[in-house]
Amino acid sequence: ANAKLQWMPSGGTLSDITSANLYRGYNVMDSPFGVNVNPAGTCAAKSIAIPNQASAGHSLELSTSGLQSEFTITAKDLYGNLRLTGGDNFRVRITGVDSTSGLVQDMSSSSPGTYRVVYTGTRSGTYDISIVFGASGINQSPFRMVSQPARRHLGKSIPTGQSLTLATAGVHASVTIT
């Protein structure tokens, strides 16, 4: 379908109105102007935590008792924009078999809007990792994490039992190692 727009001045003849006459843009003096749009303030609901798979534990879902684990918090504003500055006060609390807190390191000098969190669980079991900004938890917080037992360390294992010092040939003897 085609459409044709026409007009007729008083006392004149009917003529077409071309598309060039429908809109004419005029710039104001010294325009266009460059505008910097900065992110809004940090929003807990939009900020996220990302596991650092390169670390010994997998940090947000799985860690190993006695080994340092880490993850990264990425600060975002209400509209999902990455925050370009540091100084946000994120708090990390780890509760479960035993409780601890994560050490939050501001990485904004090398990676704007990011915070590295390191922690070391001392006992195997299930934990909740709560990450809070202001009075609110970040996106998907708390995280459920399982801390698996560390590898056996024979140097710290304790052998017990009478058979350590006395045994009789042909008779079953046992030792307990904890």
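This is a predicted model: local features need pLDDT of at least 70, side-chain atom pairs count only at pLDDT 80 or more; totals for chains, interfaces and linings use all residues.
Residues are numbered from 1 along each chain as its sequence is written, and side-chain values use heavy atoms, with hydrogens and water left out.

View A. Asp128 belongs to strand β10 and Arg144 to strand β12, so the pair ties together parts that are 16 residues apart in sequence. Strands are DSSP runs (E, at least two residues) numbered from the N terminus. Asp128 is partly exposed, at 23% relative accessible area, and Arg144 is exposed, at 55% (buried means under 20% relative accessible area, exposed over 50%, partly exposed in between; 1.4 Å probe, protein chains only).

**View B. Salt bridge between Glu70 and Arg116.** The N to O distance is 2.9 Å. This pair links distant parts of the chain, with Glu70 in strand β5 and Arg116 in strand β9, 46 residues apart. Glu70 is buried, with a relative accessible area of 18%, while Arg116 is partly exposed, at 24%.

**View C. Surroundings of Asp98.** Asp98 is found in the loop between β6 (90–96) and β7 (100–101). Asp98 is buried yet has no salt bridge, and the nearest side chain of opposite charge, that of Arg123, is 5.6 Å away. (Lys and Arg count as positive and Asp and Glu as negative; His and the chain ends are not counted.) Polar contacts join the side chain of Asp98 to those of Thr122, at 2.3 Å, and Tyr127, at 2.6 Å. A polar contact is a pair of N or O atoms within 3.5 Å; within protein, one must be able to donate a hydrogen and the other to accept it, and residues adjacent in sequence count only if both atoms are side-chain atoms.

**View D. The largest nonpolar core.** Of its 19 residues, Phe71, Ile73, Phe90, Val92, Ile129 and Ile131 touch the most other members. Strand β10 (125–133) gives the largest share, 4 residues. A nonpolar core is a set of buried Ala, Val, Leu, Ile, Met, Phe, Trp, Tyr and Cys residues joined through side-chain atoms within 4.5 Å.

Methods. A salt bridge is a side-chain nitrogen of Lys or Arg within 4 Å of a carboxyl oxygen of Asp or Glu. Contact means heavy atoms within 4.5 Å. Lists of a residue's contacts leave out its neighbours within four places in sequence.
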